[in-house]
There are 4 protein chains.
Amino acid sequence: MTRKLRLGMVGGGEGAFIGGVHRTAAQLDGHYELLAAALSSEPQRAARSAAALGLDPERSYADYREMARAEAARPDGIEVVSIVTPNHLHAPVATAFLEAGMHVICDKPLALSLQEGETLAALARQRQRVFALTHPYAGYAMVRHARALVRNGALGALRLVQVEYQQDWLSQPIEQDGQHKQACWRLDPARSGPTGCLGDIGSHAYQLAAFVSGMLPSQVSAELCSFVPGRQLDDHAQMMLRYTCGARGLLWASQVAAGCANALRLRIFGSQAGLAFDQERPDELWLTPVGGAAQCLRQGHVDSAAARHASRVPAGHPQGYQEAFAQLYVDAAEQIRARQQARAPFPESLDLPTIEDGLAGHRFIDAALASHRKNGLWMDIQAVRNAH
Amino acid sequence: MTRKLRLGMVGGGEGAFIGGVHRTAAQLDGHYELLAAALSSEPQRAARSAAALGLDPERSYADYREMARAEAARPDGIEVVSIVTPNHLHAPVATAFLEAGMHVICDKPLALSLQEGETLAALARQRQRVFALTHPYAGYAMVRHARALVRNGALGALRLVQVEYQQDWLSQPIEQDGQHKQACWRLDPARSGPTGCLGDIGSHAYQLAAFVSGMLPSQVSAELCSFVPGRQLDDHAQMMLRYTCGARGLLWASQVAAGCANALRLRIFGSQAGLAFDQERPDELWLTPVGGAAQCLRQGHVDSAAARHASRVPAGHPQGYQEAFAQLYVDAAEQIRARQQARAPFPESLDLPTIEDGLAGHRFIDAALASHRKNGLWMDIQAVRNAH
Amino acid sequence: MTRKLRLGMVGGGEGAFIGGVHRTAAQLDGHYELLAAALSSEPQRAARSAAALGLDPERSYADYREMARAEAARPDGIEVVSIVTPNHLHAPVATAFLEAGMHVICDKPLALSLQEGETLAALARQRQRVFALTHPYAGYAMVRHARALVRNGALGALRLVQVEYQQDWLSQPIEQDGQHKQACWRLDPARSGPTGCLGDIGSHAYQLAAFVSGMLPSQVSAELCSFVPGRQLDDHAQMMLRYTCGARGLLWASQVAAGCANALRLRIFGSQAGLAFDQERPDELWLTPVGGAAQCLRQGHVDSAAARHASRVPAGHPQGYQEAFAQLYVDAAEQIRARQQARAPFPESLDLPTIEDGLAGHRFIDAALASHRKNGLWMDIQAVRNAH
Amino acid sequence: MTRKLRLGMVGGGEGAFIGGVHRTAAQLDGHYELLAAALSSEPQRAARSAAALGLDPERSYADYREMARAEAARPDGIEVVSIVTPNHLHAPVATAFLEAGMHVICDKPLALSLQEGETLAALARQRQRVFALTHPYAGYAMVRHARALVRNGALGALRLVQVEYQQDWLSQPIEQDGQHKQACWRLDPARSGPTGCLGDIGSHAYQLAAFVSGMLPSQVSAELCSFVPGRQLDDHAQMMLRYTCGARGLLWASQVAAGCANALRLRIFGSQAGLAFDQERPDELWLTPVGGAAQCLRQGHVDSAAARHASRVPAGHPQGYQEAFAQLYVDAAEQIRARQQARAPFPESLDLPTIEDGLAGHRFIDAALASHRKNGLWMDIQAVRNAH
């Protein structure tokens with residue numbers, strides 16, 4: 001086995017959820033060793049969290065800038081950092097570590113604004129660092145296979161993209177009872193920015209559709225809603241999409257879809273065949289030829305480099321959310337090593353969401369919001385800056 | 001058993017498809033006796049078709065006006081007529097028989113235009129005749145149960161209506177090969193009017209959503225597309241809906257959705273629970289409470305007057321499209337008999353699509369088309385006449 | 001259309017269930033006209049029932065022997081009789097009508113014993129009459145397609161046959177509360193004979209497996225159980241099967257399978273592919289090649305003479321239990337007409353359960369019961385007479 | 001976080017599959033640190049494999065006995081060993097480490113024979129060490145929930161247990177082409193012992209049924225088959241089961257079930273409700289009350305200590321095979337720490353397959369084999385020793 005990559009983490013201290021998912025993802029396939037962290041900006045909490053993880057106390061930091069500086073100065077300093085802080089710190093932290101020469105694996109969203117994201121992207125390009133953005137659903141083996149099917153033309157010319165993401169955890173006004181911290185900050189414009197459901201899960205739906213279809217829509221006509229009285233941000237978003245090739249799409253995301261836990265579903269229809277994926281049954285991909293029998297492709301069953309690359313176990317042994325997440329870490333490791341060794345990365349490792357996905361997501365959210373504010377006027381997504 | 005109702009039919013001669021579905025529907029539960037018909041406007045074909053059905057030659061007509069007149073004059077003349085002609089004759093034929101005092105069971109669409117439909121509706125109201133419009137999906141037991149669940153408040157306040165209808169039989173330009181008669185006339189503006197897919201199946205999706213939700217949307221923002229080059233009418237339609245109560249909806253209908261045969265699916269989400277129905281598995285209705293386990297309700301299993309009313313066989317014995325269609329005939333028979341006996345019909349028989357559904361469909365199609373022509377501008381559906 | 005066949009019925013008066021299913025089946029496709037009946041052996045009830053069906057009072061009988069005699073003497077007498085009496089009358093009634101020269105469509109079971117069945121079979125062969133036995137699940141389009149797939153070798157050499165039939169309506173001792181007539185007679189050895197669940201639904205499972213696989217097992221090792229205290233007949237049966245070609249099978253039937261309405265499921269595995277059918281989703285047939293993607297074949301989608309023959313509506317329009325039942329009447333009509341016209345019947349009409357299926361069922365039940373009584377000793381099915 | 005447990009591993013060197021699954025399972029939740037190993041009995045291969053894993057060369061061994069001795073002598077020696085060797089070494093290795101005072105996590109099967117297993121069990125009891133047997137399907141959250149439902153009486157009195165395990169990878173004679181090492185040894189009596197499919201996957205099916213139902217059957221009537229010519233061991237096994245409470249069961253396992261990857265399915269029916277689990281969709285558990293709607297319970301959705309204990313992510317985020325496997329390591333860690341701290345373990349950690357499951361599996365296999373050899377004679381499972 002190749003040497004493990006030296007990993008640092010910012011955010012993800014005691015009580016955090018996504019930090020643990022990242023740590024498990026990093027170690028699942030054995031490519032990383034967590035050596036340094038700024039788990040909290042509160043020094044005692046940072047230290048306690050680091051101790052709980054068995055980190056060297058010397059390499060536990062409370063200030064991410066100090067961490068970037070100190071680690072850059074060590075001969076055994078970290079090579080890559082995972083950023084799992086609250087959203088508003090993603091870009092500042094990423095900036096600090098890019099400037100210190102590290103590669104970055106950043107939880108979504110990329111930044112608080114498109115402008116902030118673009119500045120960051122320019123820096124990443126300039127420093128030639130790997131920048132992975134953790135849209136985990138892009139790590140499922142059958143999502144990889146779906147992407148390969150589209151790329152190889154198995155669907156013919158694409159016509160329809162239907163993507164939806166349903167949850168129901170905001171069906172009731174739980175942000176008002178003081179018990180649900182996540183509901184509180186996600187529905188608070190001061191902390192979440194101008195969108196709720198759209199930015200939180202609509203962005204995942206958008207990314208998944210783009211990842212599999214290989215296309216970004218050019219225009220959007222959108223509407224946001226808040227169904228629960230008193231709610232300040234959207235708990236539902238729905239929109240129509242246009243693609244330059246003539247394809248059309250619908251995207252809807254809802255956190256008040258009663259009975260749905262995490263129902264992210266994608267359907268794409270082409271001139272020859274369609275496909276369907278349901279995140280809650282991630283080992284299955286449906287391929288539906290025109291006029292023919294639907295086929296249930298399963299992870300491990302399909303003869304596809306893309307699917308094999310993201311499968312750890314034989315056919316019929318389900319992989320879950322955590323494995324999908326870990327796949328992003330696998331691919332980031334390969335890309336980092338390729339840069340270190342001045343070689344091309346394995347082609348399959350390029351199926352990894354990057355800073356470009358983050359920028360595309362910002363453009364999409366901005367355009368959708370702008371359309372909503374103009375009563376559904378079709379907005380150009382790629383020219384979204386001009387629309388502000 | 002009560003006396004059978006004396007039934008006539010206009011249209012549905014040799015080679016016709018929907019005429020046979022209506023005849024089977026009429027006789028499935030034994031409430032009707034087909035006694036007279038104008039099966040074709042071509043006399044020899046009409047006679048041949050009548051003979052094949054074992055009709056009395058005296059009561060086979062080539063001219064529907066003559067049939068209406070002659071049957072009205074007979075003491076044993078028909079009481080109700082089924083109209084299964086090409087679309088442009090629906091309203092003229094219905095007018096002739098309403099004026100002759102008969103009840104009407106009419107295949108959809110109601111008319112060629114909203115105006116024609118409204119004139120017809122006024123006549124039906126004036127003559128106090130039963131007028132059933134055969135949207136067959138409203139006849140499924142589990143659709144009836146879904147409607148009852150919504151009406152009884154099981155979903156709480158409605159928030160989202162998602163309805164979609166996918167077919168793939170127009171994925172290729174089959175209207176250009178001279179072999180597919182139905183494709184030819186459905187895609188010919190001269191014979192189908194200004195819409196293709198929208199009017200053909202979008203109207204069914206709209207009716208089903210309205211039937212179950214008990215709500216008509218107030219506004220629509222729509223887009224129609226023709227994906228196959230050279231096609232003059234839409235083979236795909238997608239739109240956003242607004243309801244006066246604040247609910248939102250999406251509707252899409254497509255005849256180029258690769259791999260889909262007749263995938264009419266409805267989901268409705270309320271503040272307490274959601275429901276989902278798939279026409280291709282019509283014995284199953286999913287009820288999904290907020291935060292709870294999805295339940296698969298089955299025909300025959302549920303304790304519901306509405307579902308029992310539309311179930312002929314015990315739980316686990318599937319009913320199909322033909323039984324759903326027949327249910328409309330059952331309910332029309334009950335309503336006709338109630339009028340004949342000057343009594344109230346059984347309440348369950350009122351779950352029957354009527355001329356009002358036809359008018360609503362016309363308003364919807366007109367509004368969607370108007371929105372499409374104005375690049376997706378939100379159009380008022382109920383005030384659609386003004387938009388022309 | 002050809003002249004309708006003149007149909008009589010014995011049994012099926014007021015309050016009966018299966019009589020109505022047969023009548024609807026007979027008229028669904030328009031091949032029969034019900035002209036005479038002995039709907040009950042109680043004269044007034046027979047007359048009332050006949051009047052309710054609009055039968056000519058002269059052709060309503062209380063005595064089936066008189067009916068056979070009188071109808072045989074009429075120039076317009078019935079050509080075929082449907083037998084829907086209690087089980088113990090199936091053979092006597094069939095005998096009377098065969099002797100009078102009529103064709104027979106008989107509800108299952110064929111007879112009360114194998115011996116009685118064999119006598120009847122000899123008579124039917126001697127008189128060269130069509131004898132259809134209504135195992136309705138053999139009428140589904142996708143069951144027909146499954147049978148064709150096996151026959152055409154699509155599965156390779158057959159290895160495994162797994163069939164199961166689950167209901168739950170006897171989960172509680174409902175036969176003891178005096179409210180459930182059907183439970184009472186089905187669980188009363190005096191009226192049902194020596195088996196309960198095995199004869200009632202196990203026989204359907206056996207027939208379906210034989211119909212699709214084209215094979216009858218040679219040996220059975222069986223066990224019957226009564227789970228509800230005080231119950232005299234089996235409410236569950238399970239068994240292993242051996243086929244002469246080396247294939248193996250399992251069959252289980254249960255009326256105490258909690259949560260199951262009418263779950264008749266068949267799986268067959270061959271050296272090349274497997275198939276699976278679930279009666280509660282009868283429009284779908286799963287074909288599963290070795291190492292490949294499962295395919296969901298749908299009625300109307302498959303290019304198969306057998307499936308088309310049993311499909312009345314386009315792909316995606318579900319057919320149900322009643323249509324499957326009607327298919328048997330369609331096929332019986334074709335076979336009767338072929339005999340009347342001294343020609344070969346359409347090949348697809350031969351996929352019809354006959355008196356041979358009834359005999360096979362008796363042999364199977366007798367052998368399974370004998371095995372059960374010998375603690376699961378493997379019994380030869382075809383030589384079952386010797387085992388008595 | 002508590003200190004990590006010091007883990008050793010025997011077996012699992014270069015090219016091995018299950019060793020990697022165990023290592024990932026051990027590290028997924030952070031309870032173990034792999035510090036020593038005898039990855040191969042071939043010294044150079046052992047050293048290479050250890051280096052690839054980054055192990056201290058001093059703690060890489062070629063001889064597991066030496067490893068047990070050396071580690072026991074170190075103050076920082078391992079506390080627990082994972083055994084992932086070929087089957088014939090499971091018991092000898094476990095014996096060596098138990099005698100050295102270590103806890104054991106052993107891949108299945110427990111031993112080569114019941115006798116060997118019982119000797120081992122006696123040793124484990126005497127030494128009071130934790131002994132976990134890795135039947136991974138017992139680690140799924142919904143399997144844990146199913147077990148809790150049965151234990152809490154949600155199903156009423158149990159009546160039927162139906163368990164099946166289907167694969168198709170042995171559909172063709174791949175053991176004869178020299179390319180498939182696993183097929184070779186699994187079908188070689190010299191290396192696999194007297195059973196093939198029965199011991200390999202039938203044992204998992206048996207364990208799962210026992211784990212969820214909480215019952216071991218008392219008697220079995222079994223048949224083994226080899227469908228592929230020239231094959232020396234069974235590639236299919238089917239059997240009937242009897243339980244002392246009166247319940248009945250069927251178990252079948254097949255490696256020639258065309259189209260099945262790893263289809264382990266369990267259904268249990270009680271007097272009040274049934275349940276169904278399918279390993280290929282492990283986030284779903286079906287609960288089916290008598291006469292009621294089937295409910296789809298999902299991981300994260302159910303309010304159950306047992307399910308929560310085995311869930312790492314919110315509802316709708318799938319967990320897979322690797323997480324189920326890791327759950328066994330989580331529970332073993334808790335039991336080991338409880339012993340170290342002389343306290344009772346968390347109750348949920350007791351849902352862990354142990355050496356008793358291994359003994360039960362041996363008794364079952366021996367009894368099934370004995371029954372097969374006596375043409376399906378019912379054999380007592382618990383008294384199986386006497387049957388030899």
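## Aromatic pairs

Over all chains, this predicted model holds 34 aromatic pairs. In chain B, the rings of Y137(B) and Y165(B) have centres 6.1 Å apart and planes at 80 degrees; the pair is therefore edge-to-face, as the angle is over 60 degrees. Y137(B) is placed in the loop between β5 (131–134) and α6 (141–151) of chain B, and Y165(B) in strand β6 (residues 158–166) of chain B, so the pair ties together parts 28 residues apart in sequence. Both Y137(B) and Y165(B) are buried.

In chain C, the ring centres of Y137(C) and Y321(C) lie 6.0 Å apart with planes at 50 degrees, so this pair is tilted. Y137(C) belongs to the loop between β5 (131–134) and α6 (141–151) of chain C, whereas Y321(C) belongs to helix α11 (residues 321–340) of chain C; the pair therefore ties together parts 184 residues apart in sequence. Y137(C) is buried, at 4% relative accessible area, and Y321(C) is buried at 5%.

In chain A, one aromatic cluster is formed by Y137(A), Y140(A), Y165(A), F277(A), Y321(A) and F325(A).

## Interface of chains B and C

Contact between the two chains involves 31 residues of chain B and 31 residues of chain C. The area buried between chain B and chain C is about 2,600 Å², with 53% given by carbon and sulfur atoms.

Four salt bridges are counted between chain B and chain C. One of them joins the side chains of E280(B) and R298(C) (3.7 Å, N to O). There are also 13 residue pairs in polar contact between chain B and chain C, both residues at pLDDT 80 or more. On the side of chain B that touches chain C, the elements giving two or more residues are α1 (18–28) and α11 (321–340) of chain B. The residues of that side comprise 13 nonpolar, twelve polar and six charged.

Technical notes. Residues numbered from 1 in each chain as written. Chains lettered and ligands numbered in written order. Predicted model: local features only at pLDDT ≥ 70, side-chain atom pairs only at ≥ 80, totals over all residues. Heavy atoms only, no water. Contact = heavy atoms within 4.5 Å. Buried area = accessible area lost by both parts, 1.4 Å probe. Polar contact = N/O pair within 3.5 Å; in protein donor to acceptor, adjacent residues only side chain to side chain. Helix = DSSP H or I, 4+ residues; strand = E, 2+ residues; numbered from the N terminus. Nonpolar A, V, L, I, M, F, W, Y, C, P; charged D, E, K, R; others polar. Phe/Tyr/Trp six-rings, centres within 6.5 Å; stacked < 30°, edge-to-face > 60°. Buried < 20%, exposed > 50% of the residue type's maximum accessible area, 1.4 Å probe, protein only.
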